[in-house]
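Me: I've got a model open and want a quick tour. Can we go through it piece by piece?

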Amino acid sequence: MSRVDEEAERFGIPRILLMENAGRAISRFILEKFGGHKVLIFAGTGNNGGDGFVAARHLAACGVEVTLFLVGDPARIRTHEASTNWEIVRRMRDSIKVHQVKIPEELEGVRRAIREGGVIVDAMLGTGLKGPIREPYASVVRLINESGVPVVAVDSPTGLDPTSGEVCGEAVKSTYTLTFHRAKRGFLKAKEYTGEVIVESIGIPPEVERSAIGERIPPPCVSHRRVPKLVSACLLGANCRYDGTSNSNEGVIRLAGAEALIPVCPEQLGGMGTPREPMEIVGGEGSDVLDGRARVLNRKGEDVTENMLRGADETLKIAKIFGVREAIFKSGSPSCGCGSGREKREGVTTALLRRNGIRVLSEECLRAESARTPCDPK
Ligand code: SF4
């Protein structure tokens, strides 16, 4: 990877551009996985830390509450790319809380911040480790590992040698490792530390890789996140609810900035107008309606089962055209309900999508998933 970086520079791609792409990829991943939650970023003084500074800027720009801990002495930020981005985040006084951890006495602030929860981003040390990690890194690693909150490692978990898979004294045990361009060889035997590995492109052309390594290599894997998801249109603010209002959800709206979402309203797709009478499933839940064991009645007692089934079919048709594998639906709806969280009833469209192998989460499940609370039982 260091040969690839050098070759990219010769090719005319400045390192600061690759850092920008890496930081942007981290923020996109966090928004997608965890929505608008609080994020604690631990950044070192090298280029791994630089990726963390860029991620902090992008997350703060999306309205996420960001606390950034610079672990180490700012005087040791030596590369032009990392120091440019450090100066920027230092100026973002209103949107990013910046703290420094240089000595063990400053660890109390870290402990306090971790106790308050959030998602942790480990951008302390990446590649090029030599020997056991030193203080204050080792103490921060221990605090992160004791925290019990989700951890996203940037490129490689701190303390893990990504080439050999050996642990350099202590290493961060992450939930996800977002690594750039290629997976690293050592990850194969370090699953306990890397968690799920996601390979993200940062825009290195194949010509650069060929000239750095001297062979033709298949392009890096395409991220699964480019496949769009279905979303209940009312969660995005569309006034398609039975009473002509929306269920606008800030976390879901924010997600729309990070990935492709296709808004659908199964009840409208089933031919029902807005406003319309509220309705409920009588005699079971969504799958019972699909199997003819239950019906859907509106408040006037009219049977709207056929509309509900048509809406489910139309939604599935859209899902198939776009190769959708996941949907984020409004909880509590006889069409979109996901059967978990506060309400336990599964909607008709949800039942049909699940029968076709599509994962359905509610906006509540999305929030619970961010906090790593099991929510989706199906
Ligand atoms: Fe929202 Fe779904 Fe109800 Fe339409 S059918 S209003 S998308 S919950």
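Me: Let's start with a proline. Where is Pro136 found?
Reply: Pro136 lies in the loop between β4 and α6 (137–147). Keep in mind that this is a predicted model.

Me: What is the peptide bond from Glu135 to Pro136, cis or trans?
Reply: The bond from Glu135 to Pro136 is cis. Its omega is near 0°. For background, most peptide bonds are trans.

Me: And the bond from Thr274 to Pro275, cis or trans?
Reply: That peptide bond, Thr274 to Pro275, is cis, with omega near 0°. Pro275 has its place in the loop between α10 (266–269) and β10 (279–282).

Me: Staying with backbone geometry, what is the phi of Asp155?
Reply: Asp155 has a positive phi of about 70°, although it is not a glycine. The residue is in the loop between β5 and β6.

Me: Is Asp155 buried or exposed?
Reply: Asp155 has a relative accessibility of 13%, so it counts as buried. The cut-off for buried is under 20%.

Me: What about phi of His181?
Reply: Phi of His181 is near 70°. That is a positive value in a residue other than glycine. His181 is placed in the loop between β6 and α7 (191–194).

Me: Buried or exposed, that His181?
Reply: The relative accessibility of His181 is 2%, so His181 counts as buried.

Me: Okay, zoom out. How many helices and strands does the protein have?
Reply: The protein has 14 helices and 13 strands. Of its 378 residues, 53% count as buried. The C-alpha atoms fill a box of roughly 70 × 50 × 35 Å along the principal axes.

Me: What share of the contacts comes from residues 24 or more positions apart?
Reply: Such residues make up 68% of the contacts with a separation of 6 or more.

Me: Now the sheet. What is the order of the open sheet of 7 strands?
Reply: The order is β3-β2-β1-β4-β5-β6-β7, and the pairing is parallel. The edge strands are β3 (96–101) and β7 (196–200), each pairing on one side only. From one strand to the next, the twist averages 20°.

Me: Over how many bridges do β5 and β6 pair?
Reply: Strand β5 (residues 151–154) and strand β6 (residues 176–180) pair over 3 bridges, in the parallel sense. Val152 has Tyr176 of β6 as its bridge partner.

Me: Which strands does helix α3 touch?
Reply: Helix α3 (residues 47–61) packs on the sheet and touches β1 (39–43), β2 (66–71), β3, β4 (119–123), β5 and β6. Its direction makes about 155° with that of β1.

Me: And α5, which strands does that one touch?
Reply: Helix α5 (residues 107–115) also packs on the sheet. Its strand contacts are β1, β2, β3 and β4. The direction of α5 makes about 150° with that of β1.

Me: Which way do the residues of β8 point?
Reply: Lys229 and Val231 point one way from strand β8 (residues 229–232). Leu230 and Ser232 point the other way. All are buried. In general, side chains in a regular strand alternate between the two faces of the sheet.

Me: Next, helix packing. At what angle do α12 and α13 pack?
Reply: Helix α12 (residues 305–322) and helix α13 (residues 348–355) pack at about 40°, with axes 9 Å apart. That makes α12 and α13 oblique to each other. The crossing of α12 past α13 is right-handed.

Me: Which residues make the contact?
Reply: From α12, they are Met308, Leu309, Gly311, Ala312, Asp313, Thr315, Leu316 and Ala319. From α13, they are Val348, Thr349, Leu352 and Leu353.

Me: How do those residues divide into nonpolar, polar and charged?
Reply: The contact of α12 with α13 has 8 nonpolar, 3 polar and 1 charged.

Me: Last one. Where is Ser287, and what does it touch?
Reply: Ser287 is in helix α11 (residues 286–290). Leaving out residues up to four places away in sequence, Ser287 touches Arg293, Glu346, Ala351 and Arg355.

Me: How far apart are Ser287 and Ala138?
Reply: Ser287 and Ala138 are 52 Å apart in space, C-alpha to C-alpha. In sequence, they are 149 residues apart.

Key: Residues are numbered from 1 along each chain as its sequence is written. This is a predicted model: local features need pLDDT of at least 70, side-chain atom pairs count only at pLDDT 80 or more; totals for chains, interfaces and linings use all residues. Side-chain values use heavy atoms; hydrogens and water are left out. Axes are lines fitted to C-alpha atoms, for helices over the stretch in contact, and angles run from 0 to 180 degrees between N-to-C directions. Helices (H or I, at least four residues) and strands (E, at least two) are DSSP runs, numbered from the N terminus. Angles under 35 degrees count as roughly parallel, over 145 as roughly antiparallel, 65 to 115 as roughly perpendicular and the rest as oblique. A crossing is left-handed if the near helix is turned anticlockwise from the far one by less than a right angle, and right-handed if clockwise. Contact means heavy atoms within 4.5 Å. Ala, Val, Leu, Ile, Met, Phe, Trp, Tyr, Cys and Pro count as nonpolar, Asp, Glu, Lys and Arg as charged, and the others, Gly among them, as polar. Two strands pair if DSSP finds at least two bridges between them. Buried means under 20% relative accessible area, exposed over 50%, partly exposed in between (1.4 Å probe, protein chains only).
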